[in-house]
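Subject: Structure handover

Hi,

Here is the structure I promised to pass on to you. Please have a look at it first, and then read my notes below.

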Amino acid sequence: MHNLKWFHEQLCYAEDQREKAKDLYSMQAWDQRIDALNCAYQFIADQGVSKEARESVPQVLTVKYNQ
């Protein structure tokens, strides 16, 4: 469960940094980090962590816009 909380904290931080990014390169770099963290979070959540432990950490929704 501690891993899930760590990933949640990292996701929140990365999303804040993406919002503060001043150029497209930085935004893309933070988007890639957010994607990787989301994948890792989901992988750990699927590896036998109880449903109660998964639900104790808020889910982060990432929305991607197609251009």
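A salt bridge here is a side-chain nitrogen of Lys or Arg within 4 Å of a carboxyl oxygen of Asp or Glu. Before I use that term, two notes on the source. This is a predicted model, in which local features need pLDDT of at least 70 and side-chain atom pairs count only at pLDDT 80 or more, while totals for chains, interfaces and linings use all residues. Residues are numbered from 1 along each chain as its sequence is written, and side-chain values use heavy atoms, with hydrogens and water left out.

**The salt bridge**

The structure holds 1 salt bridge. Asp31 and Arg18 form it through their side chains, at 2.7 Å from N to O. This pair links distant parts of the chain: Asp31 sits in helix α2 (residues 24-46) and Arg18 in helix α1 (residues 2-20), 13 residues apart. Helices are DSSP runs of H or I with at least four residues, strands are runs of E with at least two, and both are numbered from the N terminus. As background, side chains of opposite charge can pair when their charged atoms come close.

Asp31 is partly exposed, with a relative accessible area of 30%, and Arg18 is partly exposed as well, at 22%. For these words, buried means under 20% relative accessible area, exposed over 50%, and partly exposed in between (1.4 Å probe, protein chains only).

**The overall layout**

The protein chain has 3 helices and 0 strands, and its elements run α-α-α from the N terminus on. Of the 67 residues in the protein chain, 25% are buried. Taking contact as heavy atoms within 4.5 Å, residues 24 or more positions apart account for 63% of the contacts with a separation of 6 or more.

**The core**

A nonpolar core is a set of buried Ala, Val, Leu, Ile, Met, Phe, Trp, Tyr and Cys residues joined through side-chain atoms within 4.5 Å. The largest one has 8 residues, namely Leu4, Phe7, Leu11, Ala14, Ile34, Leu37, Tyr41 and Ala45. Helices α1 and α2 are the elements that give two or more residues to this core.

Ala14 lies in helix α1 and counts as buried because its relative accessibility is 0%. Leaving aside neighbours within four places in sequence, Ala14 is in contact with Trp30, Ile34 and Leu37. Its C-alpha is 8.1 Å from that of Asp31, which is 17 residues away in sequence.

**Helix α2**

Helix α2 has 23 residues and reaches 33 Å from its first C-alpha to its last, close to the 33 Å expected at 1.5 Å a residue; the expected span is 1.5 Å times one less than the number of residues. Its buried residues are Ile34, Leu37, Asn38, Tyr41 and Ala45. At the start of α2, a side-chain oxygen of Asp23 comes to within 3.2 Å of the backbone nitrogen of Tyr25.

Ala40 is also in helix α2, and is partly exposed with a relative accessible area of 24%.

**The cysteines**

How many disulfides (pairs of cysteine sulfur atoms within 2.5 Å) does the structure hold? It holds 0. Cys12 is partly exposed, with a relative accessible area of 32%, whereas Cys39 is exposed, at 55%.

Best wishes

Methods: A disulfide is a pair of cysteine sulfur atoms within 2.5 Å. A polar contact is a pair of N or O atoms within 3.5 Å; within protein, one must be able to donate a hydrogen and the other to accept it, and residues adjacent in sequence count only if both atoms are side-chain atoms.
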